[in-house]
Amino acid sequence: MSVITIERKVLEKNDEVARQNRELFADHGIFVINMVSSPGAGKTSILERTLETLRDTLKIAVIEGDVQTDLDARRVAKYNVPAVQIVTRGGCHLEANLVREALGSLKLDTIELLVIENVGNLVCPSNYDLGEAVKVVVASTTEGDDKPLKYPAMFRNASVLLINKIDLLPYLPCDLATLKDNALKINPSLTVFETSCTSKQGINAWCEWLMENSRRKPAS
Amino acid sequence: MHELSIAQSIIEIVGQYVTRAEQEQVRRVNVRIGAMAGVVPDSLEFCFAAVIHHTPLQDAVLVMETVPFCVRCHACGQTTESEPGIALCPACGSADTDIVSGTELQVVSIDVDEASGGGA
Ligand SMILES: Nc1nc2c(ncn2[C@@H]2O[C@H](COP(=O)(O)OP(=O)(O)O)[C@@H](O)[C@H]2O)c(=O)[nH]1
Ligand SMILES: [Mg+2]
Ligand SMILES: [Zn+2]
């Protein structure tokens, strides 16, 4: 028996395409966020509130990842921003090459902020770099306060945590302080916003953060 | 969930090291999987078997070396195994830590049976 040494990363191909995407985004001065969550945490709703607030101030485009339908892309299209749908046909996450293909239908020079809504799944997307500047993880209060402990990889890789559906806190056994505490245990450098898409609480603070980061000149 | 595409990526990488004919001689594919790599070993094993079925690689077994999640603490200097993903130093509780292992997802090597040329 002979041994052939390989020592290669399994996802090196995806990482390489992600690196190329990132270069492309830098060349065009686009700030890119990759939104991840369990299904139904409120990614599309937050995006809708964000578009309402920022679409006159910031040039925004959207890439929607979905397993089967283009319903989310249609929700977003109502706000008159360029939106591309990626249907993964059962695939549980977006990959860098799917994003690269989608970029073909966008005018990159006219975009300041690109929002990628990933497929609703807290496990798989954490492995696949898309070339984004930051991962934004959405955890809703209805999912309980131990979510970060169950899906540590996602909270570890994210830079921002949006705790959504805080309007429902009075009716739920979810403790906000515990939820935050659990998330910061996994990743002490998380920036946390508490939001509600119904009362719109916290949406402005989140949008200000987006403005600031989209307009920031890349460090050179 | 995405173990199927991971199994396919593993096979693709292996295919860059041995010809199709040589793939029949591959007995083991050795991979390294971190405790926080987001991969379920049983599921990967199942998907690997499914993907190699009726291919030249069909006699290969996936051998998984799992790597514990460890953090190095800047406050107390210790490197300790931690609950997967928990960044706090298990020794002193500090949050000033770096991950030193546990996120690996690598193809390490393959074992090839050079002698086999038609059964024992
Ligand atoms: N009460 C409440 N419901 C919300 C909030 N955000 C989203 N929802 C509801 O949660 C459901 C799923 O939201 P959606 O944005 O489609 O989640 P996605 O799957 O993460 O994109 C919808 O019925 C929304 O109306 C919120 O802040 N409060
Ligand atoms: Mg959605
Ligand atoms: Zn320590």
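How many residues does the contact take from chain A and from chain B?

1. The contact takes 28 residues from chain A and 36 residues from chain B, where contact means heavy atoms within 4.5 Å. Please keep in mind that this is a predicted model, in which local features need pLDDT of at least 70 and side-chain atom pairs count only at pLDDT 80 or more, while totals for chains, interfaces and linings use all residues. Residues are numbered from 1 along each chain as its sequence is written, chains are lettered from A and ligands numbered from 1 in the order in which they are written, and side-chain values use heavy atoms, leaving out hydrogens and water.

2. Between chain A and chain B about 2700 Å² is buried (accessible area lost on being put together, 1.4 Å probe, summed over both), and carbon and sulfur atoms give 61% of that area. The rule finds 2 salt bridges across this interface (Lys or Arg side-chain nitrogen within 4 Å of an Asp or Glu carboxyl oxygen). Lys13(A) also forms a salt bridge with Glu12(B), with the closest N and O atoms 2.6 Å apart.

3. Now to the metal: Thr44(A) through OG1, Asp72(A) through OD and Glu117(A) through OE coordinate the magnesium ion (ligand 2) at 2.1 to 2.2 Å. Donors are N, O and S atoms within 2.8 Å of the metal (3.2 Å for Na, K and Ca), and sites may look incomplete because water is not among the atoms. The donor spacing in sequence is T-x27-D-x44-E.

4. Thr44(A) is buried at 4% relative accessible area, and Glu117(A) is buried at 3%; buried means under 20%, exposed over 50%, partly exposed in between (1.4 Å probe, protein chains only).

Key:
Buried area = accessible area lost by both parts, 1.4 Å probe.
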